[in-house]
Amino acid sequence: FFVLMSSSAGQLRWGIISTAKIAADLIQSLKKFYPEAEVVAVASRSLDSAVAFGKANGVAKCYGSYDELFADPEVDVVYVSTLNPFHKVPVIKALRAGKHVLCEKPFCMSAADAQEMIQVAREEKKFLMEGMWTRYFPAHKKLVEVIASGEIGDVISFRGQFGFELGGRDTDRLTQPELGGGAVMDIGIYLLSVVYSVFREYPKSVKASAIFKGGVDWHTTVLLGYEKGQATLDFGFDSTFYETEVLIVGTKGSIKICHPFFAPTKIVVNSKANGEQVFDYSMDKGNGTWNFDESAGLFHEVKYMEEAIRDGKLESEILPLDETKKVIELCDQIRQEIGLVFPWEK
């Protein structure tokens, strides 16, 4: 890693791109659990939207264009929370403007785009990270540690589910191909990132099938084959009864990531060596209303990123950029397998 100088020795100042619900939740999570983080600016394509968001979330500077925020010398780090297909351009512009960037998941819509974004970060020597927040929870860090210790032996099986019922919200971003909709890029991405953190390699075989609705995958099942094991991932917008849990089986034990695996606070390890152990990292969410139920844990990724930037790092050691790219490559392969093509690819 190259060593870099932060524009302010201690405090890093954040600017937020887009007034998405997840951005409001991130600010609330920071206020409650990591008040050291300082959000100084927000930008939207509409000034009215930025001002309304700023008032509601206590952000002083509000811009009616992204470029104005990128030009602000008092912003050190940019959080990009635009809709999925609109991550690449603001990420690259922010990096070129000398900002560090946290980009919401999925990082982008293709491995080629990922490569381009990563290349710019390396040229500009700025910190770039995918906001795959799951990987930064203490429970997930513990999971990785247990697997690495060899306590459950070689991993031979991974089984995960994720889903909810979209119902009649057919105008939702999740249902529109031109907005990068579909289950793979919205919820499948979580399982794919977690499976990568478990097997630590790209699968040897990728098989997938999907049920489509309105031009996007509505329910997808994926089978990944590895040197020593297999993974089954099942995710969709068609039921509230998916388990939203992960079971990892090894030759000497197992690990269950309890509901909700994507914002994990509890894992159960069962091994020949130590029997059953429960690692519970539950947190008091306090008062307040969240747009998304588990958003209280969003602060973990910001805290990690700030510490890494202060340490002079240029990318996450928990989720390196090359791994982010590999997961997007896996999404590309799954989309090819099921025939999910976005309008801009035609």
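Colleague: Leaving aside neighbours within four places in sequence, what is Gln230 in contact with, and what makes it a contact?
Modeller: Contact means heavy atoms within 4.5 Å, and on that test Gln230 has Ile156, Ser157, Phe158, Phe199, Leu223 and Leu224. Keep in mind that this is a predicted model: local features need pLDDT of at least 70, side-chain atom pairs need 80 or more, and totals for chains, interfaces and linings use all residues. Numbering runs from 1 along each chain as its sequence is written, and side-chain values use heavy atoms, with hydrogens and water left out.

Colleague: Where is Gln230 placed, and how far apart in space are Gln230 and Phe199?
Modeller: Gln230 belongs to strand 10, residues 230-236 (strands are DSSP runs of E, at least two residues; helices are H or I, at least four; both are numbered from the N terminus). Gln230 and Phe199 are 31 residues apart in sequence, with 9.4 Å from C-alpha to C-alpha.

Colleague: How do you know whether the span of helix 1 agrees with what it should be?
Modeller: Take 1.5 Å times one less than the number of residues. Helix 1 has 13 residues and should span 18 Å; its end C-alpha atoms are 18 Å apart, so the two agree.

Colleague: Which residues of helix 1 are buried, and what do they pack against?
Modeller: Ile22, Ala23, Ala24, Asp25, Leu26, Ile27, Ser29 and Leu30 are buried. Their packing partners include strand 1 (13-17), helix 2 (47-57) and helix 8 (299-310).

Colleague: How do you know whether the chain agrees with a compact globule?
Modeller: The rule is 2.2 Å times the number of residues to the power 0.38, with the radius of gyration taken over C-alpha atoms. For 346 residues that is near 20 Å, and the chain has 20 Å, so it agrees. Of those residues, 56% count as buried.

Colleague: What is the lining of the second largest pocket by class, and what makes a residue nonpolar?
Modeller: That lining has 5 nonpolar, 3 polar and 4 charged residues. Ala, Val, Leu, Ile, Met, Phe, Trp, Tyr, Cys and Pro count as nonpolar, Asp, Glu, Lys and Arg as charged, and the others, Gly among them, as polar.

Technical notes: Buried < 20%, exposed > 50% of the residue type's maximum accessible area, 1.4 Å probe, protein only.
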